[in-house]
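Open your viewer and keep the selection tool at hand. This tour goes stop by stop.

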Amino acid sequence: MLPVPRFGDGHRVLVTGGAGFVGSHLVDRLVARGCAVVAVDNFVTGSKENVAHLTDEPRFTLVEADISDGLPDHHPAVRQRFDAIMHLASPASPTDFATLPIEILRVGSLATLHLLDRAVADRARFIMASTSEAYGDPLVHPQPETYWGNVNPIGVRSVYDEAKRFAESATMAYHRYRGLDAGIVRIFNTYGPRMRPDDGRAIPTFISQALRGEPITVHGTGGQTRSICYVADLVTGIVALLDSTETGPINCGTEHELTMRELAEQIVQLVGSSSTINLVARSSDDPEMRRPDLTLARTRLGYQPTVDPQDGLRRTIAYFRQRLG
Ligand code: NAD
């Protein structure tokens, strides 16, 4: 049976990383449904601006705290029981892997454990935002959830990949041994408004470079692939998982796979830029290909992404155009 809305008016939901890119869009969707949402964020990669439009919204509370140190229980909005806890906090871009490695490990491990304990105490549904990086540089294509992955446990990307794999393991242990109602979503490359122009991920980087008329820096030969998902579609998938009783892990993204060179060329064309493509050295352990097998999301959650990639890219370009002036 496909999930029916389970969380809405009268339900309290905690979203960690709620001032981030994906988190802020998720907060919007939950508030629109009538949920009372508490976002906890330390703004390490997110920003108050992402949720500034909710300042006068009585159903929304923003609390500044580093959840790796534990939940800020001194705050009255955090002390009250939650019906659902959604853990999205984590720096997520490849440049963060080098600048915030310990922070990433802490938020994937310590923060996850704090939140799992709280979810058990509150008898809340717990959603863990995991990643396609759990598959590492995959040897199976496309990637079904049954694939265990190919991760270098000591490589530069491992702080992120292994922190998320630990978080998945911890979530499953709390589900198995503490009776936690939990769901794990493995998110594939998602893009849209509210990404940081300088965050190092391909789409914001290419758009910012194209808008400035600078060369587009494509890593390696540009032949490596990603499957890109517009944030509204991803949020629909995450909310469907929240409503369901599925544990997962469940992949979420799209099957729209393209090479980095194709992506760069499309962005240059959509921006109407004169930027050229500049091939630069590829970072180590950079995955060669990425495409989710979405069978589980489709059959268990009724998930079907609907945003046309050209349309999603246009909307993202419009956001960056405005932001970069
Ligand atoms: P983001 O950096 O925009 O958002 C992360 C948010 O978490 C930020 O607001 C940041 O300030 C906050 N945060 C980080 N550490 C924190 C801490 N210790 N305490 C409190 N807040 C903290 O990144 P995003 O793209 O929105 O990613 C959101 C989640 O989705 C992450 O968990 C990420 O791993 C996962 N994910 C995203 C993608 C994607 O393509 N965007 C892909 C796979 C997984």
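Predicted model: local features only at pLDDT ≥ 70, side-chain atom pairs only at ≥ 80, totals over all residues.

**Stop 1: contacts of the ligand**

Show the side chain of Asp 41. One of its N or O atoms is 2.5 Å from an oxygen atom of the ligand. Then go to Gly 46. A polar backbone atom of Gly 46 is 3.0 Å from an oxygen atom of the ligand. The ligand taken alone exposes 820 Å², and the protein buries 97% of that.

**Stop 2: the shell**

Color the shell by residue type. Now color by element.

**Stop 3**

With a relative accessibility of 4%, Thr 131 counts as buried. Its side chain reaches the backbone nitrogen of Glu 133 at 2.9 Å.

Select Arg 123, in the loop between α4 (101–122) and β5. Most residues other than glycine have a negative phi. Arg 123 has a positive one, near 50 degrees. Is this residue buried or exposed? Arg 123 is exposed, at 70% relative accessible area.

Now find Pro 142, in the loop between β5 and α5. The peptide bond from His 141 to Pro 142 is cis, with omega near -10 degrees.

**Stop 4**

Go to Arg 194, between β7 (190–191) and α6 (202–212). Its phi is positive too, near 85 degrees. Arg 194 is buried, with a relative accessible area of 17%.

Then pick Pro 249, in the loop between α7 (231–243) and β11 (250–252). The bond from Gly 248 to Pro 249 is cis, and omega is near 0 degrees.

**Stop 3: helix α8**

Finish on α8, residues 260–271. Its twelve residues reach 16 Å from first C-alpha to last, close to the 16 Å expected. Highlight Met 260, Leu 263, Ala 264, Ile 267, Val 268, Leu 270 and Val 271, which are buried. They cover an arc of only 170 degrees around the axis, so they sit on the same side of α8.

Definitions and conventions. Residues numbered from 1 in each chain as written. Heavy atoms only, no water. Polar contact = N/O pair within 3.5 Å; in protein donor to acceptor, adjacent residues only side chain to side chain. Areas by Shrake-Rupley, 256 points an atom, 1.4 Å probe, with all protein chains shown as cover. Helix = DSSP H or I, 4+ residues; strand = E, 2+ residues; numbered from the N terminus. Expected span 1.5 Å × (residues − 1). Buried < 20%, exposed > 50% of the residue type's maximum accessible area, 1.4 Å probe, protein only. Arc of directions from axis to C-beta.
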